[in-house]
Amino acid sequence: MAADLSTIVKAYDVRGVVPDQWDETLAELFGAAFVRVTGADALVTGHDMRPSSPGLSRAFARGAAALGVNVTEIGLCSTDQLYYASGALNLPGAMFTASHNPAQYNGIKMCRAGAAPVGQDTGLAEIRELVEGWSESGAPASAATPGTITQRDTLEDYAAHLRGLVDLTSIRPLKVVVDAGNGMGGHTVPTVFAGLPLDLVPMYFELDGTFPNHEANPLDPANIVDLQKRVREESADLGIAFDGDADRCFVVDEQGNPVSPSAITALVASRELARHGGKGTVIHNLITSWSVPEVVKENGGTPVRTRVGHSFIKAEMARTGAIFGGEHSAHYYFADFWNADTGMLAALHVLAALGGQDGPLSGLVAQYDRYAGSGEINSTVDDQTGRLAAIRSAYESREGVTLDQLDGLTVTSADWWFNVRPSNTEPLLRLNAEARDEATMAKVRDEVLAIIRG
């Protein structure tokens, strides 16, 4: 009987519980399917610190090598280090990680050569179909000459590449607390930060895929409490938290207050535009703050709004020739990094901006944090379509209000906006709201939530 992979093959990656939903046998078939769909004659793999990651990664390599493909294993790495290897070596790549999911999960993030994304519309559906078929009929016939599996260390080269994109040599000394959440930031940060004028205070740098201290998802306020406390105790200049595979970074200021990812997007956008002579396109998704397109325009750039999700951001960056892109989920994309997302490069930009002037981080980011936002609020619903229709009905006839359906439903007025979009994988509606002041935001937020949950 063929395996049903509908529950683990998501919009952008593979993700599920090991061994209940997938295992090394399926990972081997995924390796073969990846080769068939990409047409690769060589590829690169990497993995995070989860207990199941080395075995799954090696099984994938075996499946690819059986079809005659040479595999370069870079071993323990962050997801953006895998993207670096894919770009620098010009090879398709596969990263074994479940990002911030609990320890029993694992997954695969796949890309074509040059870190180009593989999603449902760009090969993932075909990969799933092949794996499901082979799980019933047996693996494809091996090549007459199998490929090789070799190891290569890319950490130093990755770090050097990032440091070459941001000049930190002349910044004032900074004290920075970094919470790696027992994830891959504990592997990459010491090498990337080496030799820089930084007093590094490490938290949870021990690689441990069981996440003994807290979930490695810094977007959840509960998971940055330790970082906030330590920043205040150390009188540090800032704190940085990475998620499990270290492709996202979250920042807190010198008082331990969270800095909105939209403010980080605006700050980095202004720096990248300055580096490009005040010209360039910057991509932002539709739940980033109004401040992002405002700052982009003020700095001479052209903002382009897109759907939520890295495959949409990367596609728009390629289409428009954008220099930078940011999402409110703390993913940051750079043209100089093959349009791929790297939280580490965003963190270096924040350090350079802070260290290049004398004021505190709270003062620096205040110019980029102009509005009151709700953050993302999830509600479990029985009927996503029906609830969205009810919201549309409540607002479509109001004067001075515009609606669009680029991604879910966005409703905008002169003083506020909100977006409600359905989850692709769970019976959830996700609400983000913003207004010119806190009271207006709270009123809009509560009004929409009453419809969603009514």
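Which residue forms a salt bridge with K109, and how far apart are the closest N and O atoms? The partner is D247, and the closest N and O atoms are 3.1 Å apart. D247 lies in the loop between β10 and β11, while K109 belongs to strand β5 (residues 105-112), so the pair ties together parts that are 138 residues apart in sequence. Both D247 and K109 are buried. The model is a predicted one.

Strand β10 covers residues 238-242 and strand β11 covers residues 249-252. They run antiparallel, joined by four bridges.

Next comes R50. It sits in the loop between β2 (42-47) and α2 (53-65). Is R50 buried or exposed? Its relative accessibility is 1%, so R50 counts as buried. The R50 side chain reaches the backbone oxygen of A98 at 3.5 Å. Beyond its neighbours within four places in sequence, R50 is in contact with residues including T97, S99, H100, Y105, G209 and F211.

Strand β19 (residues 402-404) and strand β20 (residues 409-412) run antiparallel, with three bridges joining them. Here D404 stands opposite T410 in β20. The β19 and β20 hairpin has four residues between the strands. In that hairpin, G408 takes a positive phi near 70°. β20 also pairs with β21, in the antiparallel sense, over four bridges. V411 has F418 in β21 as its bridge partner. β20 and β21 form a hairpin too, with three residues between them.

The side chains of D415 and R436 meet at 3.3 Å, N to O. D415 lies in the loop between β20 and β21, and R436 lies in the loop between β22 and α14, so this pair ties together parts that are 21 residues apart in sequence. D415 is partly exposed, with a relative accessible area of 41%. R436 is partly exposed as well, at 44%.

D437 caps its N-terminal end: a side-chain oxygen of D437 lies 3.2 Å from the backbone nitrogen of A439.

Finally, return to salt bridges. The structure holds 26 of them. One joins R128 and E132, with the closest N and O atoms 3.0 Å apart. Why are R128 and E132 separated by about one helical turn? They are four residues apart in helix α4 (residues 124-137). R128 is partly exposed, with a relative accessible area of 25%. E132, at 17%, is buried.

Conventions
Residues numbered from 1 in each chain as written. Predicted model: local features only at pLDDT ≥ 70, side-chain atom pairs only at ≥ 80, totals over all residues. Heavy atoms only, no water. Polar contact = N/O pair within 3.5 Å; in protein donor to acceptor, adjacent residues only side chain to side chain. Helix = DSSP H or I, 4+ residues; strand = E, 2+ residues; numbered from the N terminus. Buried < 20%, exposed > 50% of the residue type's maximum accessible area, 1.4 Å probe, protein only. Contact = heavy atoms within 4.5 Å. Pairing = 2+ DSSP bridges. Salt bridge = Lys/Arg side-chain N within 4 Å of Asp/Glu carboxyl O.
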